[in-house]
Amino acid sequence: MARRISIFGATGSIGQNTIDLIARARDDYDVVALTGAGNIAQLAQDATDLNAQVAVTAHDHLLEDLRLALSGTGIDAAAGEQAIKEAAGRPVDWAMSAIIGAAGLAPGVEILKQGATLALANKESLVCAGKLILETAAANDAHILPVDSEHSAIFQALIGEDIDAVERIIITASGGAFRDWPLDQLADATLAQASSHPNWDMGQRITIDSASMFNKAMEVIETREYFGIAPEKIEVLIHPQSMIHALVGFNDGALMAHIGPSDMRHAIGFALHHPHRRSLPVERLDLAKIGNFEFRAPDDVRWPALRLARDVMARGGMSGAVFNAAKEIALDGFIDGRLQFPQMAEVVEEVLDGLIMDTGLIDATMTLDNVAQVDHLARQTAKAVIKKRAG
Ligand code: NAD
Ligand code: MG
């Protein structure tokens with residue numbers, strides 16, 4: 001029987017890679033919902049090719065465009081945040097959560113409520129509301145499979161292992177676009193320079209987050225939440241080749257490394273076929289040709305985001321939601337030219353320092369509504385911080 005699947009964030013980098021895999025085995029899947037935002041042509045094309053039940057854009061004002069693009073296909077068109085949530089309520093067996101940002105949280109929770117398997121690329125869900133996501137999965141007998149290369153790697157290294165025997169988890173980082181830049185030049189980094197990654201081809205926002213290491217900071221928190229590992233057992237290692245994605249260190253001294261090409265279709269395909277392995281159209285590495293793997297320690301001065309992640313893990317509660325929201329606004333600020341590259345971390349730190357002491361806020365019960373409120377407040381605070389700096 002064909003598996004019913006939906007893809008949230010279908011038009012993005014992860015979404016398109018997911019579609020690439022699905023399209024290779026069309027008959028194995030019944031596509032239920034595809035969602036996107038501004039790229040209506042892509043959304044309509046994919047919905048038509050995959051014969052989806054419904055296509056949803058996040059933008060209300062694009063509903064007519066979407067309807068027009070889908071006319072005659074029999075595919076439902078819908079728009080808006082609520083419509084995305086409703087699409088997540090349509091019964092499926094498996095769904096890809098690949099919306100970017102905190103907007104991915106609510107549809108993910110909806111998928112888990114139906115007891116389906118959630119392939120989770122949207123790391124923001126775990127950073128903002130790890131406890132909520134995991135508890136919702138447990139309460140509904142739903143599964144979450146990580147779709148971040150590092151977390152898929154850790155998951156694979158842990159198969160058949162006892163989590164109590166894990167001494168440390170090492171996640172690797174390429175170091176991004178500015179790994180080797182002189183520190184005093186970072187203030188002059190342009191958007192184009194920050195948007196080009198040495199090894200991975202990803203969406204623009206996560207590529208800039210790789211250069212600032214906010215992406216790695218989020219992944220450290222993601223590791224803590226998903227695997228329930230103590231913060232002090234999580235390490236970051238700079239590995240410029242991006243081929244070892246993560247390593248798990250056990251109490252007998254063994255280090256299990258996961259090595260693979262820089263192609264997200266591996267992690268996506270692993271989550272799609274789990275618990276089986278199926279052949280995937282990714283490069284087979286020729287290690288003799290590669291010759292060398294390099295490693296070095298990360299630098300907290302170059303990448304203050306890593307230090308901020310430690311603060312968030314130490315504080316717990318809703319501090320992850322503050323961190324993510326402030327980071328998203330600071331990133332907007334860099335993209336539209338109001339902030340210099342190093343100022344993103346300064347803004348996030350100022351917002352965190354300001355809100356983290358508010359116990360009523362940070363220790364509130366983790367519900368979707370409360371997370372949304374914290375998210376909103378942190379965004380407003382970040383905008384005020386940026387405005388104050390500009391003034
Ligand atoms: P992307 O920017 O390429 O795509 C984002 C998708 O979300 C698009 O379909 C877009 O239409 C949709 N979207 C944007 N804003 C939205 C909103 N407000 N409401 C609903 N939908 C919205 O992003 P990406 O690189 O594919 O990343 C997606 C997620 O996967 C992120 O959480 C990212 O951290 C994670 N991730 C990505 C990669 C990668 O290789 N790209 C690797 C690991 C994890
Ligand atoms: Mg990653």
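Modeller: A residue is near a molecule if one of its heavy atoms lies within 4 Å of it. This is a predicted model, in which local features need pLDDT of at least 70, side-chain atom pairs count only at pLDDT 80 or more, and totals for chains, interfaces and linings use all residues. Residues are numbered from 1 along each chain, ligands are numbered from 1 in the order written, and side-chain values use heavy atoms, without hydrogens and water.

Colleague: How many residues surround ligand 1, and which are the closest?

Modeller: There are 23, the closest being T11, S13, I14, A37 and E124. The shell comprises 13 nonpolar, 7 polar and 3 charged residues, where Asp, Glu, Lys and Arg count as charged, Ala, Val, Leu, Ile, Met, Phe, Trp, Tyr, Cys and Pro as nonpolar, and the others, Gly among them, as polar.

Colleague: Where does ligand 1 lie relative to the domains?

Modeller: Domain bounds come from an automatic or database assignment. Ligand 1 lies between domain 1 (3–146) and domain 2 (149–260 + 290–302), because both give residues to its shell.

Colleague: How should I read the ring pair of F155 and F270?

Modeller: Rings of Phe, Tyr and Trp (its six-membered ring) pair if their centres lie within 6.5 Å; planes under 30 degrees apart count as stacked, over 60 as edge-to-face and the rest as tilted. The structure holds 6 aromatic pairs. The centres of F155 and F270 are 5.9 Å apart and their planes at 70°, so this pair is edge-to-face.
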